[in-house]
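Please keep the model open beside the text as you read.

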Amino acid sequence: MKTKNLISSLMLAIALVFSTTVMAQNMKKEKGIKMVGEAPMYPSKDIVSNAVNSKDHTTLVAAVKAAGLVETLQGDGPFTVFAPTNAAFEKLPEGTVATLLKPENKSKLQSVLTYHVLAGKYSAKDIMKAIKKGDGKAMFKTVNGAKLWAMMDGDAVVLKDSAGNMSKVTIADVNQSNGVIHVVDTVVLPGM
């Protein structure tokens, strides 16, 4: 019995070492890989294909699926996505996420999610350049048609939604094959 457990443990350890080695080799082959939610984000993969691997973005991925936006965010783009973490969704009033995920609220959910997306690829440097050009504030029109503002807070880019809520970019320039992701710490909301 002990031998069987020892062999099982040894096999598990070998499998773990092998998978870690393969992941490290893949990361060496591809430059510009950032870790998000303990998962490598490969610049050769699209936004959704990377996001599904981030354990910090399970709520966002579920919302994208419920909103029927998977194919869109796997499209050519380019897109800039301000990706709220699970913790960002938890800051919303209790029951908000569950309500938005209901099929009858699909259009509201689409509106919230597309408010986090810009058409085009905007690196942090591009956003900071627009902020500087705008004397400390830059306005962007989101895919849902509403305005989103960006400004600096020290070295960090922050977003301001139409209600005045602020969201900080915590991980910038996570490049994708069809755009870029900037991880944010708060969900921004369009005027609803």
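Helices here are DSSP runs of H or I with at least four residues, strands are runs of E with at least two, and both are numbered from the N terminus. The peptide bond leading from Gly-77 into Pro-78 is cis, with omega near 5°.

A word on the ground rules before going further. This is a predicted model, in which local features need pLDDT of at least 70 and side-chain atom pairs count only at pLDDT 80 or more, while totals for chains, interfaces and linings use all residues. Residues are numbered from 1 along each chain as its sequence is written, and side-chain values use heavy atoms, with hydrogens and water left out.

Stepping back for the overall view, you will find eight helices and nine strands in the protein. Of its 192 residues, 39% are buried, where buried means under 20% relative accessible area, exposed means over 50%, and partly exposed is in between, with a 1.4 Å probe and protein chains only. Among contacts with a separation of 6 or more, 57% join residues 24 or more positions apart, a contact being heavy atoms within 4.5 Å.

Thr-80 is in β3, which covers residues 79–84. How buried is Thr-80? Its relative accessible area is 0%, so it counts as buried. The side chain of Thr-80 makes two polar contacts, one to the backbone oxygen of Gly-120 at 2.7 Å and one to the backbone nitrogen of Tyr-122 at 2.7 Å. A polar contact is a pair of N or O atoms within 3.5 Å; within protein, one must be able to donate a hydrogen and the other to accept it, and residues adjacent in sequence count only if both atoms are side-chain atoms. Setting aside residues up to four places away in sequence, Thr-80 also touches others, including His-116, Val-117, Val-180 and His-182.

The largest pocket has a volume of about 220 Å³, and 20 residues line it, with Ile-47, Val-64, Leu-73, Val-81 and Val-117 nearest its centre. On a 1 Å grid over the protein atoms alone, a pocket is an open set of points where a 1.4 Å probe fits, with protein on both sides within 12 Å along at least five of seven lines, and lining residues have an atom within 4 Å of a point. Grid points are joined across faces, edges and corners, and the volume is the space filled by probe spheres set on them. Which elements supply at least two residues each to this lining? They are α2 (47–51), α3, α4 (70–73), β3 and α7 (106–114), and α3 gives the most, with four residues. By class, the lining has 17 nonpolar, two polar and one charged residues; Ala, Val, Leu, Ile, Met, Phe, Trp, Tyr, Cys and Pro count as nonpolar, Asp, Glu, Lys and Arg as charged, and the others, Gly among them, as polar.

Within α3 (residues 58–66) you will find Lys-65, which is exposed because its relative accessible area is 53%. In α7, Leu-109, Val-112, Leu-113 and Thr-114 are buried, and the buried residues of this helix pack against α3, α6 (96–100) and β4 (117–119). The loop between α6 and α7 holds Asn-105, which is buried at 17% relative accessibility. The side chain of Asn-105 reaches the backbone oxygen of Thr-99 at 2.6 Å.

Finally, look at two aspartates that have a positive phi of about 55° although neither is a glycine: Asp-135 and Asp-173. Asp-135 lies in the loop between α8 (124–133) and β5 (138–141) and is exposed, at 75% relative accessible area. Asp-173 belongs to strand β8 (residues 166–176) and is partly exposed, at 24%.
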